[in-house]
Every structure is written in C-alpha cells, then in structure tokens.
Amino acid sequence: MMNKKMVNGARVRSWLCVNFARNVQESMATGFCRELARMCQASGMDFALEPVLPVIYVRPDQVERGLKARFHDAMTALGPQRKEIELLIGILPDNNGSLYGDLKRVCEIDLGLISQCCLTKQVFKMNKQILANLSLKINVKVGGRNTVLADALTRRIPLVTDKPTIIFGADVTHPHPGEDSSPSIAAVVASQDWPEVTKYAGLVSAQTHRQELIEDLYNVTHDPQRGTIHGGMVRELLISFKRTTGEKPERIIFYRDGVSEGQFYQVLLHELDAIRKACASLEANYQPLVTFVVVQKRHHTRLFAHNHNDQSTVDKSGNILPGTVIDSKICHPTEFDFFLCSHAGIKGTSRPAHYHVLWDENNFTADGLQTLTNNLCYTYARCTRSVSIVPPAYYAHLAAFRARFYMEPDSSDSGSISSARKSGSSTSRSTRAAGAGVVRPLPALKDSVKKVMFYC
C-alpha cells in the first residue's frame with residue numbers, strides 16, 4: 001500500500017471505538033484510533049478523524065450490555081439528523097476467548113453495525129503495515145473497493161464483461177469432530193457489481209449436521225395468507241444484483257468449495273437444479289448460462305520445477321511461480337480439470353488449487369477459464385497479493401466461519417466448547433441437547449450488514 005490508493009475509498013463520517021483490553025490506556029487507544037483514521041485517509045477514504053464519542057473501556061464479560069449502551073449513547077449524540085453509526089472499532093485482549101464472537105454477534109445481528117477488531121499487541125506495535133491492512137478491511141466492509149482488474153474497466157475479460165455476469169462462491173463448514181448434532185453452516189456469496197466483479201454480498205444458513213449439499217439455495221414455502229413463497233440464497237442474491245447494477249445476470253459462474261470427488265455428481269445434480277429453479281422463479285423463461293466449478297485445496301499433489309536452477313520457473317523460496325497452470329498429463333483423461341498455483345509461496349511448499357469444471361454452458365476455453373480464475377485471485381480484498389484459491393470461494397468460507405458465532409451460545413464456537421470442557425460436561429452432550437430434532441435457523445442478519453462484505 002506504499003504510495004497507493006484504493007480504487008474506491010468509502011466514506012465513514014460517524015464511528016465509535018470501544019476498548020475491552022484492561023492493559024490499554026485510554027490515551028493509547030485514542031492515539032491508535034487517530035493513526036488508523038489517518039491511514040484510512042491516506043489510502044483514499046473519506047474518514048472522520050474523531051469518533052462520535054470518546055473511547056470507553058468496557059469489561060469483556062459485559063460485551064452485550066456495554067455495546068448496546070454505547071450505541072444508544074452515540075445515536076443520542078448524533079441527534080435529530082438520524083445519521084447511522086457506520087463503523088465500530090473494538091480493541092480486544094490478545095487471548096479473548098469467546099469475546100470476538102460475542103462482539104460480532106451483537107454488532108451484526110442486534111445492532112446492524114459493521115465492526116473491525118484489533119488485538120492489544122497491534123495497538124502497542126502500531127506500525128504502518130498493520131494500519132494499512134486494517135484500512136483495507138475497513139474499506140470493503142463499509143462499501144468501498146480496494147482493487148479492480150484493469151481488463152474489467154476496459155471491458156476486455158472474455159465471457160464476463162460482454163454480458164451481465166454474476167460470480168458466486170459457496171462453501172459448507174461442518175462442526176468439530178465430537179459435536180454430535182451441531183448444524184453444518186452453508187454460506188453463499190455473489191458479486192454485486194459488474195463489470196468489475198469485486199464486491200460480494202454474503203448470506204448464511206444452518207442445515208442438517210454434516211450435510212454437504214447446500215439445502216437453502218432455493219426453497220418454496222406455503223403460507224395460508226400469502227400463498228406460495230419463493231426463497232433461498234441464490235434467489236435473494238440474484239435480486240440484490242439486479243437492484244445494485246440495474247441488470248439481470250445473463251451468465252452465472254459458480255465456484256463451489258470443499259466437495260470431494262465422490263460427491264461431484266450428487267452436488268452438481270442438486271445444486272445446479274436449485275440454481276435453475278431460483279432463476280425460473282424470478283421470471284418465466286429466465287435461464288442464464290451456468291458454469292459450475294469445484295475448487296479443491298485438500299489434496300496431495302505438489303508441483304515442482306523441472307530444472308530447479310532455472311530462475312524463470314522458480315521463485316526465491318524454490319516454489320513454482322504464481323500463475324503456473326497444469327492441465328495435461330496429471331489431470332483427468334476426459335474431464336475438464338486443471339491445477340493452478342495462483343499465489344507466491346512465502347514459506348514451505350506451495351499447494352496448488354485443483355479446479356474441476358463439472359458443468360459449462362458458457363463454453364469457456366481452457367485458457368479462458370484458467371486466466372479468469374488466476375486474475376480473480378488478485379482481487380482478494382484483505383491483502384495486496386494474489387491468494388491461493390479464487391476469492392468468491394474464500395469469502396464463502398469466511399462467511400460460513402463467521403456464522404458459527406451467531407448460533408445459540410450453548411452450541412456455538414470453540415470458545416463455548418472449551419468452557420463446557422472446563423465445567424466437566426462433555427461437549428457432545430451439550431450440543432446434542434441444543435440441537436436435538438430440527439435445525440434451528442440462524443438469526444437474521446440486519447439489512448445494512450447483508451449488503452456489504454461484513455465477513456472480511
């Protein structure tokens with residue numbers, strides 16, 4: 001980020017800071033916030049230097065009460081203008097247990113507030129690298145854009161910029177081994193801007209324990225008063241895309257994370273059908289062309305240069321160069337799959353991502369899809385480098401992980417598991433009691449949170 005600015009800096013005029021770390025003095029927390037605000041301004045954001053109210057210390061065991069009281073005070077201070085609080089900065093102790101999850105739950109479910117957490121060690125260090133990384137995350141959370149592909153602006157990405165195209169990412173995270181009946185959590189994200197394809201809205205849903213198929217892509221319910229109600233995550237994200245861009249997608253590219261080869265056919269059959277039905281429910285004869293790609297990271301294939309001394313094929317750490325693609329010899333003899341190492345290996349041996357194209361109505365060439373996938377890896381919002389798997393799949397993973405914090409405290413994240421262990425009760429018993437029978441739906445996200453990349 002040295003001497004660089006974000007493509008679209010967002011605007012933050014009213015924000016708050018709450019300190020949960022006992023060993024951070026009020027003056028130090030205030031100084032940190034001011035430096036962070038300056039860094040945001042330097043990066044291209046319209047960021048107010050001073051918070052709405054002075055920084056306040058809140059005890060970690062009173063996170064819900066403290067946040068709600070402070071939020072109420074800030075809304076009162078803003079007065080009759082009825083402005084929104086656009087951001088909350090939370091300073092947390094280094095070992096914060098379930099505090100992080102509690103803060104995110106209160107902000108995103110109860111208050112509809114975007115939050116950015118910082119650890120005590122980051123406050124003490126306060127170097128430019130940390131502040132720049134935080135500013136990248138804050139910008140996308142409040143609706144800005146950090147990076148955009150130059151080819152997207154000049155409309156030169158084949159099969160993306162010529163017609164309105166939406167890119168989906170989907171993932172399912174399962175509970176830890178030993179949790180007998182905690183639900184699995186599915187997350188779907190979708191691009192909300194075209195032709196840039198860098199802003200992604202995300203939705204999450206709880207589903208049957210250890211179920212890999214995403215159940216809530218499309219659903220139909222019958223209400224005695226309102227009749228048939230169409231719903232589901234794909235449908236909602238398509239409507240959101242139309243609302244923000246004014247176009248209805250003519251192409252869908254769907255990156256699906258975390259499916260093993262034994263489940264390819266099953267997942268394709270179920271999820272492609274759900275996408276089709278979601279489209280048809282919006283408008284008769286609405287059938288955008290779909291490309292369905294599975295992304296795998298957990299495999300045992302590693303790629304090495306043929307000649308280790310040739311500097312044109314290896315980087316400083318001896319790994320293959322980012323952007324290396326293998327799509328012959330070691331790939332499937334008849335199916336469309338390829339290995340792509342899109343990231344630079346900083347430490348250890350790079351692990352390439354394995355992409356399987358299960359369905360392709362857009363008729364991508366091998367080079368076309370490989371180039372698009374590799375280029376998208378440079379648009380990941382949380383860093384200025386290329387990442388190892390395509391960002392929509394990465395974002396879906398982050399959103400699914402975040403949603404674990406929204407579950408009822410007795411069966412949520414690892415923090416509550418450790419507390420159950422400390423109290424002597426077995427984890428499986430506590431989750432079984434909580435999740436017996438039907439899957440409890442996750443509490444709804446506030447609309448102000450849904451629209452932005454809150455999971456970053």
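This is a predicted model: local features need pLDDT of at least 70, side-chain atom pairs count only at pLDDT 80 or more; totals for chains, interfaces and linings use all residues.
Is serine 43 buried or exposed? Serine 43 has a relative accessible area of 3%, and because the cut-off for a buried residue is under 20%, serine 43 counts as buried.

The side chain of serine 43 reaches back to the backbone oxygen of methionine 39, at 2.8 Å. When neighbours within four places in sequence are set aside, the contacts of serine 43 are Met1, Lys4, Lys5, Met6 and Ser135.

## Two domains

The protein chain is divided into domain 1 (11-145) and domain 2 (150-403 + 441-450). A distance of 31 Å separates the C-alpha centres of domain 1 and domain 2. To the contact, domain 1 contributes 15 residues and domain 2 contributes 15 residues.

## The nonpolar cores

The largest nonpolar core has 82 residues. Which of these residues touch the most other members? They are Trp15, Met45, Phe47, Tyr255, Tyr355, Tyr395 and Tyr455. Domain 1 (11-145) and domain 2 (150-403 + 441-450) both supply residues to this core, and therefore the core lies between them.

There is also a second, separate core, made of 35 residues. Among its members are Val259, Ala274, Ala278 and Phe292.

Four strands form an open sheet with parallel pairing, in the order 4-2-5-6. Strand 4 (56-57) and strand 6 (115-119) are at the edges; each has a single partner strand, so one side of each has no neighbour in the sheet. Two bridges link strand 2 (residues 15-19) to strand 4 in the parallel sense. Valine 18 is placed opposite isoleucine 56 in strand 4.

Helix 3 (residues 99-111) lies across strand 5 (87-92) and strand 6, and runs at about 165 degrees to strand 6. Helix 5 (residues 128-141) packs on the sheet and touches strand 5 and strand 6, its direction making about 165 degrees with that of strand 6.

Glutamine 116 is part of strand 6. Why is glutamine 116 classed as buried? Its relative accessible area is 2%, and a residue is called buried because its value is under 20%.

What does glutamine 116 touch, apart from residues up to four places away in sequence? The list consists of Leu87, Leu88, Ile89, Gly90, Lys104, Leu134, Lys137, Ile138 and Lys141. With one of these residues, lysine 141, glutamine 116 makes a polar contact from side chain to side chain (2.9 Å). Isoleucine 138 is 22 residues from glutamine 116 along the chain, and the C-alpha atoms of the two are separated by 6.8 Å.

Another open sheet is formed by eight strands in the order 9-8-7-12-13-16-15-14, with mixed pairing. Where do strand 9 and strand 14 (324-326) stand? Both are at the edges, each with a single partner strand, so one side of each is without a neighbour in the sheet. From one strand to the next, the twist averages 20 degrees.

Two helices may be described together with this sheet. Helix 7 (residues 233-245) lies across strand 7 (165-173), strand 8, strand 9 and strand 12 (251-257), and runs at about 150 degrees to strand 7. Helix 9 (residues 366-376) packs on the sheet; the strands touched by helix 9 are strand 7, strand 9, strand 12, strand 13 (289-296), strand 14, strand 15 (336-341) and strand 16 (353-360). The direction of helix 9 makes about 35 degrees with that of strand 15.

## Strand 9 in detail

Strand 8 (residues 184-191) and strand 9 run antiparallel and are joined by eight bridges. Along this pair, valine 188 is opposite leucine 203 in strand 9, and serine 191 is opposite tyrosine 200 in strand 9.

How many residues of strand 9 (residues 200-207) are buried? Eight of its eight residues are buried. In a regular strand, side chains alternate between the two faces of the sheet. In strand 9, one side carries Tyr200, Gly202, Val204 and Ala206, while the other carries Ala201, Leu203, Ser205 and Gln207. Both faces of strand 9 are covered, with the residues on each side all buried.

Terms used. Residues are numbered from 1 along each chain as its sequence is written. Side-chain values use heavy atoms; hydrogens and water are left out. Buried means under 20% relative accessible area, exposed over 50%, partly exposed in between (1.4 Å probe, protein chains only). A polar contact is a pair of N or O atoms within 3.5 Å; within protein, one must be able to donate a hydrogen and the other to accept it, and residues adjacent in sequence count only if both atoms are side-chain atoms. Contact means heavy atoms within 4.5 Å. A nonpolar core is a set of buried Ala, Val, Leu, Ile, Met, Phe, Trp, Tyr and Cys residues joined through side-chain atoms within 4.5 Å. Domain bounds come from an automatic or database domain assignment. Two strands pair if DSSP finds at least two bridges between them. Axes are lines fitted to C-alpha atoms, for helices over the stretch in contact, and angles run from 0 to 180 degrees between N-to-C directions.
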